[in-house]
Amino acid sequence: MIKKPEGFGTWLKLDKPEHIVGFLMKSLQHSLRQSMDEALRKRGLDLSFAHFAALFSLYCEPGITGAKLARRAMVSAQTMNSVLRRLESEGRIERRPHPESRRADSWFLTSEGMELLDQAREVGASTFERMLAPLERDEIVVFESCLRRCITALETGTDDSGAADRDPTAVRTRRAGKRAAGQPEAR
C-alpha cells in the first residue's frame, strides 16, 4: 500500500487547476512539446515532437512496433500511424515484418533517419537545457527520481522499495550536508 503524505487530500480541494500536480505536469508536457516544435521549425527541420520521439525511440529500440512507439511518444495510435507513414515515405525509416506477430510491423531507422535524428537531438538538448536551467544538479536528480517513482506507483499500484515514504527535500538536504562535510553520498 502506498503511504499518502499528510495533507494528501487537500490538493483536491484547491480552487485552481494550476495548483494541482497533475495539471502542472500536463502543462509542462504541453510547454515542452510547443517549445520543441518551435525550435525544430526555427532550425528548418520539418518535424514535430511526435516525429522526434518516434525517431529517437527507433534509435533506442530498433524493431519496435507502432503501438509501442505511440505510447513512448504519448500520442494516439492513429497519430503515430500518420507519423510512421510520413517518415517511411521520406525514406527516414523502414518497415519489416514483426518476428512474433503477423499483425504488427517492426520499424527501423535508415541512414537518412539517423542524420535527421542527429540534427533534432541538438535541438532537443538545447530545449531540455533551457527547461532545466532553473534547477540545480541535485534538484534534477531528485526531480527525475520523484517522476520515476510516481510512474512506477501508477503502473504497478506500488512504490519502488518504500521510496514514496521519503521526503525529497530531506534527501536533498542530507546530500547537500554530506557534500559540505566532505562525506561521500550513498547511491
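Tutor: We begin with a definition: helices (H or I, at least four residues) and strands (E, at least two) are DSSP runs, numbered from the N terminus. On that basis M74 is placed in the loop between α3 and α4. This is a predicted model, in which local features need pLDDT of at least 70 and side-chain atom pairs count only at pLDDT 80 or more, while totals for chains, interfaces and linings use all residues. Residues are numbered from 1 along each chain as its sequence is written, and side-chain values use heavy atoms, with hydrogens and water left out.

Student: What secondary structure does the chain have?
Tutor: The chain has 7 helices and 2 strands, and along the sequence these follow the pattern α-α-α-α-β-β-α-α-α.

Student: Why does M74 count as partly exposed?
Tutor: Buried means under 20% relative accessible area, exposed means over 50%, and partly exposed is what lies in between (1.4 Å probe, protein chains only). M74 has a relative accessibility of 49%, and therefore counts as partly exposed. For the chain of 187 residues, 28% count as buried.

Student: What makes α3 roughly perpendicular to α4?
Tutor: Axes are lines fitted to C-alpha atoms, for helices over the stretch in contact, and angles run from 0 to 180 degrees between N-to-C directions. Angles under 35 degrees count as roughly parallel, over 145 as roughly antiparallel, 65 to 115 as roughly perpendicular and the rest as oblique. The axes of helix α3 (residues 66-73) and helix α4 (residues 77-89) come within 9 Å and cross at roughly 110°, which means that α3 is roughly perpendicular to α4.

Student: Which residues of α3 and α4 meet?
Tutor: With contact meaning heavy atoms within 4.5 Å, G66, L69, A70 and A73 in α3 meet A77, M80 and L84 in α4. Ala, Val, Leu, Ile, Met, Phe, Trp, Tyr, Cys and Pro count as nonpolar, Asp, Glu, Lys and Arg as charged, and the others, Gly among them, as polar. The residues of this contact accordingly divide into 6 nonpolar, 1 polar and no charged.

Student: Why are α2 and α4 called roughly perpendicular to each other?
Tutor: Helix α2 (residues 49-60) and α4 pack at an angle of about 70°, with their axes 10 Å apart, and α2 and α4 are therefore roughly perpendicular to each other. A50, H51, A54 and L55 of α2 make this contact with M80, V83, R86 and L87 of α4, and by class it has 6 nonpolar, 1 polar and 1 charged residues.

Student: Where is the confidence of the chain lowest, and where is it highest?
Tutor: Taking pLDDT as the predictor's confidence in each residue, from 0 to 100, the chain has a mean of 82, and 74% of its residues reach 70 or more. Confidence is lowest in helix α7 (residues 168-180), at a mean of 47, and highest in helix α5 (residues 111-132), at 96. Over residues 162-174 pLDDT stays under 50, as it does over residues 176-181. Where pLDDT is low, the predicted coordinates should not be read in detail.
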